[in-house]
Amino acid sequence: LCRGGLAERLCRLQNRERSAISFWRHQCISDAKIPSDKSGVLIVKILEMFEECTIQVAICQQLEQSPATLSSEDAVVNAGEPILKVLFARETAAHLKSRLQDIIHIYPPWQKLLVKNTDVPVIMNTYFSQKVLLSEHSETTEKTYGLTKMLIRKNIISLAQMFRLDDLNDELCQESSDNQVACAPQIHNNCDSKERSAVNDSLLEMVESQGAVGWREAQVRVVIQRVYCLPAREGYRSHIQGNKPLCATPIINSDPANARLCLLVQDAYGMFSEVQLQSPSSADDIKQCCSRWEGKFCCLAGMKILQRTTRGRALGLFSLIDSLWPPVVPVKVLGQSQDSEMMTTNLPPPSFCYILTAQSGEIHVEVDEEEQISNLYQPPAVRALKEILQIDGCNERCSFWARVLYLRLQTKHSVPINQRDIWLFVTDSTLQNVVHVTPKVVAVSVAASCILSTEITEALGVASQLVFFKDALWGNGRIICVERTVLLLQKPLLYSAAGADLSELTGPVRLDELDSTTQANSVCAVRGTVVGVNESTAFSWPACDRCGNGKLELCPQDRGLLYCNQCSEVVISPVLKMQLEIFLSCPSRSQSIVKVKVWHKISFRLFVLINMLLSLQSYEVQSVLGKEVGLLNCYVHSVTSHPNCVALEEIVLL
C-alpha cells in the first residue's frame, strides 16, 4: 500500500475497528454479559431474516424496553411500534447466531438510514450488538439450537441486476423462489436438490453473492485452461550418485496422498481461479485429465474460498495466467451491456485470483467431456529450443518438445534429497541440425516442487525419451520446471506448434566441444593429451556383467566366486569398474588445467591406458603420459579462474 494513501488509512481504520469490537465483546462477557449503560441502546425483536450480498438482513420490531422478567415469547409486539430493517455483517451474524423472536440490543454508534420511496428505515453499523437471553427457558433453548444451524433464506442478486443493464432477460429481473435458496452446510440433508439455482457464468459474481464460506446451491460454469498437480506434502526423490541412471524407484512418491489434482479455470468474463481438489490424486492421472478435460466446460459447486491471492504473493501462478492473457476471443465485461462491441486487447491482466477448494466431504466438478472445445481455451504454444533461448523477457511460460540426453540430481549436501532439483540436459533439431548454433544442449532445472509422474521417471531411467515440457518457466537464461509445469511423453492433439521446427533428430547427437565459453553445470565433449594422473584417487571394483550391480558378495558355497543379490546368481565373469582422475592438455582451452574424472563406465578409448595404470603388475606413469584422448562426453562440475581449472566428469548419455 502507498504510504499515507487512502488504502493504507482504510486498512488502519479497519484494524482499529476490529480491535474495538473484540475488546467490547470481551468486556461484555466479563461484566455479566449485559453492559450497564443503556443510553442510546436500540432494542429490537427479530421477525424475519434473510441473506443478501453476504449481509444478513433482519426485519425487526423496535421495542421500548426489554424487561428482564419477560421471555422473548412474552415480549408482545405492539402494532404501533416501528418496523426496522437491521443489517448485520457476516462476522456479527455469526457471533449473534440469531433466530426469529430473539431480542437484540444494538449499542452506539449505530446509524439510521432513511431510504427514498420506502417507509422502513435501515439500521447500519451494528457491530456492537448482543443477543439477550431473558429466561432460563431461553437459555435451554439456546443450547439446543446451538447444535444446529437455522435455515436462512438467501437472495441471489446478480451484478447485472445491480447495474440495471438494459438487455437483461426478464427472468433475471424478477426475484423468484428459484433464486432464493436455503443455506445450511451442517444439515444439508434438509436442502432439496431441486432448490439449486441456475448456473452462473461469473466467478466474481458467485463470490459476491455466496461469500467466502462456500456455496452449495449455486453453480458456476467455467472453462478448464490447465490441469496439473501440486504437492500435498513432501514426497521423496531417490538417491542418485554421480551419473548413475535412475533405477526403478521413482523420483517422487507415486502415493496419491503426495499430490492433489488442480484445475486452472476461466469464466466468461476472463477471470481466473485455481481449483484445488481435496481428494488425493496421483501424478499419473495428469495425462488422462489433460486430454479429457483441458478446453472443456465444467460446472463447479460445493466450493469454498481457500485464499484470495495477488500477483505479488503468487508469482508462479500469475506467470501462468499471464501466458493465457489476453483472451483469444472477446469476453464479457462486468457493468457493460453485452450488445456493445467487446474489446479484450486493452483489458488489464488480472491482479488477483481466488484459490478454491472443495468443502469437506464434497467435490462437485462436472466436466462435459462430450462437449466441443471452448473458443476461450488457449492451448500451449509449442516453440523450438532455439526460439526460446532468444526470448528477451523474464518469467515467461514456454512449452517445447525436447529429447532428454542426460539427467543429474543436484549435489548440494546441505539440502535434503527430496528437496533437491534435477537437471535434465535436452536438445532438439533446431540446436543439432545447425552447425554454428551454440549451445547444442540446454540444461533444464526441474524443481522439487514440480510433480513428475511415475511414467516419466521410469521411462527416463531406461533410455532417452522425447518429452513434452508444458508451461515451463524461462528467465535469466534458464529454463525451470516449477509448480504447475507438466511433463508428458504423449503429444496432445490440441497443442499447436506455431510454425516451430519440431522435426525428429536424424543423426547422432553432438555436444559442444570444451572451449573458453563453457560454463559450469553443462555437458560438453573434450579431447586432448594426457599430461598427468592422480594416483591417490584411483580405485576399482567388480560389478555384475548382467545387471551392473556393483555390490557383489562372496558366494556362500564357494568363497572364491562372487554372488549378485539382484540376479540371485553367481557372477562368473565380473566387469571391472574403475575411477581415475587424469589431467589433459586441450588445444581449445590451452591456458586451463583440465581435470577429468572417469567414473563408473570406462571409455573404450581409455581402456588400455587405465588397464595399464590399475593392473596388478608394476607400471610407470611416464609410459602413459602423452597419450591422445578422443572425444569424451563430460559433465562440467566447475570452471575457476584462480587457478584456471576446469573440472569434468565422464558421463554416459541415455
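This dialogue explains how to read several features of a predicted model.

Biologist: Which pLDDT does the chain average?

Modeller: pLDDT is the predictor's confidence in each residue, from 0 to 100. The chain averages 76, and 71% of the residues score at least 70. Over residues 167-196 the pLDDT is below 50, and this stretch has 51 contacts in the model beyond near neighbours in sequence; a contact means heavy atoms within 4.5 Å. Residues 234-257 also have a pLDDT below 50, with 67 contacts beyond near neighbours in sequence. Where pLDDT is low, the predicted coordinates should not be read in detail.

Biologist: Is Arg484 buried or exposed?

Modeller: Buried means under 20% relative accessible area, exposed over 50%, and partly exposed in between, with a 1.4 Å probe and protein chains only. Arg484 has a relative accessible area of 10%, so this residue is buried. Its place is in the loop between strand E22 (478-481) and strand E23 (486-488). Helices (H or I, at least four residues) and strands (E, at least two) are DSSP runs, numbered from the N terminus.

Biologist: With which side chain does the side chain of Arg484 make a polar contact?

Modeller: A polar contact is a pair of N or O atoms within 3.5 Å; within protein, one must be able to donate a hydrogen and the other to accept it, and residues adjacent in sequence count only if both atoms are side-chain atoms. For Arg484 the partner is the side chain of Glu274, at 2.7 Å. Not counting residues up to four places away in sequence, Arg484 touches several residues, among them Tyr228, Leu320 and Asp471.

Biologist: Over which ring does the charged end of Arg221 sit?

Modeller: A charge sits over a ring if NZ of Lys or CZ of Arg is within 6 Å of the ring centre and within 35 degrees of the ring normal. The charged end of Arg221 sits over the ring of Phe297, 3.8 Å from its centre. Arg408 lies over the face of Tyr635, at 4.2 Å from the ring centre.

Biologist: How many bridges join strand E29 to E31?

Modeller: Two strands pair if DSSP finds at least two bridges between them. Five bridges join strand E29 (residues 593-598) to E31, and the two run parallel. In this pairing, Ile593 stands opposite Cys645. On strand E30 (residues 628-641), the pairing with E31 is antiparallel, over seven bridges, and Ser641 stands opposite Asn644. E30 and E31 form a hairpin with two residues between them.

Biologist: Why is strand E31 described as largely enclosed?

Modeller: Strand E31 (residues 644-650) is largely enclosed by the rest of the structure because six of its seven residues are buried.

Biologist: Where is Leu584, and which residues are in contact with Leu584?

Modeller: Leu584 is in strand E28 (residues 575-585) and is buried, with a relative accessible area of 3%. Leaving aside neighbours within four places in sequence, its contacts include Val526, Val594 and Val629. Val530 is 54 residues away along the chain, yet the C-alpha atoms of Leu584 and Val530 are separated by 4.6 Å.

How values were computed: Residues numbered from 1 in each chain as written. Predicted model: local features only at pLDDT ≥ 70, side-chain atom pairs only at ≥ 80, totals over all residues. Heavy atoms only, no water.
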